[in-house]
Amino acid sequence: MSDRPRVRRKEPERTAPIRDWSNMFRGPGAQDAAARSTDSDAAGLHVNNLTADGVANGSAAISASTAQTGLVNEEARAGIEAAYRIIEEHLQEGRLAAEAQRGRGGGAGPTAFATAGGPGVGIAADSIQEMVAQGIRFYSSLAPLWASLVNSIASAAVMRDSAADGISAPPIASAPMPRRSATTTSFAPVVIEIASTRMTRVTVDLPPHVQNLTIGGLLALEPEKPPLREISLTIEPGSNRPLVRIRVPESQPPGAYSGVIVDGESGEPRGTLTLRIEA
Amino acid sequence: MTVTSTLVPEILNEYGAMTRAALRDYLPAREPRRHLYDLVAEYPLRGGKMMRSSLCIATACALGAHPHDALDVAVSIELLHSALLIHDDIEDGSEQRRGRPTLHVEHGVPLALNAGDTLTLVSLRPLLENHGRLGGDLAMRIVQETERMALLSAEGQAMELGWRQDNLIALDDADYLRMVLKKTCWLATIYPIRAGALIGTRAAIAAEAFIRFGFFLGATFQIQDDLLNLVADQSYGKERDGDLWEGKRTLMLIRLFRESEPAERDRLAAILGTERKERTQDDVAWMRAQMDRYGCIEYARRYAHRMAGAALHEYSLAFGGIRESRDKRFLEEMVTWVVERN
């Protein structure tokens, strides 16, 4: 057995985060390709602070390629870098296309799949986001029903209490319904004031005759997008209609932001509000 | 990567035969035959490697499906591939396909074009009938993938044709890869593997699964295909040096332009600026000799090996956690086979 000390590779020193392809690969000092061993580990590829799958895969792919060709040189590096850059650009285009499709309410686009199972076919962020989007869409349609159900239950409770007090309450079936005029719709008229330098679209689902409303903020599906906090919900003086005021900061990323309108006292959901900022 | 796989030809034969047998059921056997349906049947029945269909079936099986679960999609892939080949041959002015004259050379452009259009429509039928075996949701998901693939393929073809029309030669390797990604990789490797994965997992794959592996495998395949066009023997099936006659923007041609002296570039641009029928044997021989002189063939060969290395790496990421099987081994050995085939 050799009595030479075991060769250990120096710990790489991070001097700066790697943010672009040009400084993606850093060997320990300037190196002549011929001086590198054919062993992929000893080829001197130290990758610091990998910030993207493509960067990580690129370096590992160079190792795999190195093991095959036996030599790392600038030509190999440039080839692999270029290839990874191209495929990552392509995947980003696909993500943007899928985002645009989701924003149009088209549901799961061709690039958004259901949750995965098993190693090697792992759950992607797109899949989780799609689940959340489906949840919000489901909840958005459920909230008005929920509001109606709560009102019905509340009405039944009032009538039950009234009966307990000896007051004769009419059967539920013949309970008086709100009179519908020609201008009555299923949803409350809402006044919206938006301060924004970009095109925005607001959708509000709110049943009529609800009072004492509040809204906490609007959230995007993508966790990296900050919430919209400059939002208030009051009653417009004079008209008694809900008044929503929203200010969209210049730096707010484009996309869809949603929030639940709740009863200020009970905290029960009453409706939803979605704001879409165009790019 | 020095051992030539025997598993790959074995599975290509097995799944290829299965696909070819099933494919016949979709080729209409009615009038008009002489001017339509006989032409429609020609390319699918001429044979071919059946690589695309085999990738689809093998991926589905590697992920737990039965081969017949993926057979309809495999048939659709081969029918669509044949349809696009008919159109490609017209667009490229190719004279040979799978060892015989191209369809438009045999029957004229109008009939060949119509046959290609019909074959495109015929390729939809297996996808529509898929729902019985796979369920409506999964069948529709595969249709969506097919639409995406078809559009990207058309975009890639448009890129390459546009370069030729505009006589653009001052391209770089990245331009070539972008074009190949769309023109070749989506139909040849990415889509078949993703469709197989959708079937094998019942649509439970991540959004970007297998795209990187498919890209590197497909790029390796295309570069090797371009090399074979210049160096292969008679068994190759296409016209030797056909790509030079067509002025196809291959990695070798792009490299040649980049390495040439100014006067040589001028001559190259002049040759490529003419129609195919105006080019001479001397023009083609000169371009071929220049490629040897500037080491363009070796350059592309090294590039193909690098892409293969990246493909193996991506394979390990995409399939690493999946249980070992003959189909999984086939997918891995495809990388080697693609770069070493002749």
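This briefing describes the fold of chain A and the pairing of its strands. The structure is a predicted model. Chain A contains 3 helices and 8 strands. Strand β7, which covers residues 255–263 of chain A, is the focus of the pairing described below.

**Overall architecture**

- Along the sequence, the elements of chain A follow the order α-α-α-β-β-β-β-β-β-β-β.
- Chain A has 279 residues, of which 24% count as buried.
- Among contacts in chain A with a separation of 6 or more, 53% link residues 24 or more positions apart.

- Strand β3 of chain A, made up of residues 213–215, runs antiparallel to β7(A) and is joined to it by 3 bridges.
- Within β7(A), A:Val262 is the bridge partner of A:Thr214.
- Strand β4 of chain A, residues 219–220, also pairs with β7(A) in the antiparallel sense, here over 2 bridges.
- A:Ser258 in β7(A) stands opposite A:Leu219.

**Pairing of β7(A) with β8**

- Strand β8 of chain A spans residues 269–277 and is antiparallel to β7(A), with 8 bridges joining the two strands.
- One of the facing pairs consists of A:Tyr257 and A:Leu275, the latter in β8(A).
- β7(A) and β8(A) form a hairpin with 5 residues between the strands.
- In this hairpin, A:Gly267 adopts a positive phi near 80°.

Methods:
Residues numbered from 1 in each chain as written. Chains lettered and ligands numbered in written order. Predicted model: local features only at pLDDT ≥ 70, side-chain atom pairs only at ≥ 80, totals over all residues. Helix = DSSP H or I, 4+ residues; strand = E, 2+ residues; numbered from the N terminus. Buried ≥ 20, exposed ≤ 12 C-beta atoms within 10 Å, placed from the backbone. Contact = placed C-beta atoms within 7 Å. Pairing = 2+ DSSP bridges.
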